[in-house]
Amino acid sequence: MGNTFCFFCGCVAQSSVGVVEQWGRFHRLAQPGFHFFNPLAGECLSGILSTRISSLDVRIETKTKDNVFVQLLCSIQYRVIKENADDAFYELQNPQEQIQAYVFDVTRAIVPRMNLDELFEQKGEVAKAVLEELEKVMGEYGYSIEHILMVDIIPDPAVRKAMNEINAAQRMQLASEYKGEAEKVLLVKKAEAEAEAKYLGGGWCSQAAASYNRWFEREHPQFLSQGRRH
């Protein structure tokens, strides 16, 4: 059910709060429900604010410490503080522009002190710094900053291409190193196998020759006697 009101009465929907004025000045807040107003006393429902969480996406372009231009996509979730809805109604005409201005100011003060790699690693710290500043400032205007997300960090296209090429070269170098180590292991295993085969082959020949000599001496002693006389 939406918010409806007329000159004498009004209905404030759930998750909303009404602002009641008397003779043009703030008089009270109207909570969700049906309300009667006394026009003879100068009462009227001046406006209604939603207390639901709203989301604002902000895109900031800035430069890092190593002179890389980046775009930051930041999502801010905020809501009207029900008890301070009169401040939110009267103090700010466009709260989205005010939030965006403070996000620009904080990020452009922090990011230039970081390298690109540090920015990717510490994007949570940037979001935290923005949250702290917005909570302090927007709280005075009746708004609560619920959460801030650093959704994306987009470097300049030329820098992104260079980063991808560097990463690809590093992966190729790492793969080449693994391949070289594997080939070395195979060569060592092959050499060990050949050495073992030669050792086993040589030992068998020596044993066979010794057995033949003993058999020959036993079966043909006359040849050995003739050999000794000569």
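Modeller: Glu 133 is partly exposed, at a relative accessible area of 24%, on a scale where buried is under 20%, exposed is over 50% and partly exposed lies in between (1.4 Å probe, protein chains only). This is a predicted model, in which local features need pLDDT of at least 70 and side-chain atom pairs pLDDT 80 or more, while totals for chains, interfaces and linings use all residues. Residues are numbered from 1 along each chain as its sequence is written, and side-chain values use heavy atoms, without hydrogens and water.

The side chain of Glu 133 meets that of Lys 136 in a salt bridge, at 3.5 Å from N to O, the term requiring a Lys or Arg side-chain nitrogen within 4 Å of an Asp or Glu carboxyl oxygen. The structure holds one salt bridge, and its two residues, Lys 136 and Glu 133, both lie in helix α4 (residues 123-138), three residues apart, or about one turn of the helix. Lys 136 is exposed, with a relative accessible area of 53%.

Helix α2 (residues 95-110) passes α4 with the two axes coming within 9 Å and crossing at roughly 135°, the axes being lines fitted to C-alpha atoms over the stretch in contact, with angles from 0 to 180 degrees between N-to-C directions. Glu 133 returns here, since the contact (heavy atoms within 4.5 Å) includes Glu 133, Val 130 and Val 137 of α4, together with Tyr 102 and Val 106, among others, of α2.

Note on methods. Helix = DSSP H or I, 4+ residues; strand = E, 2+ residues; numbered from the N terminus.
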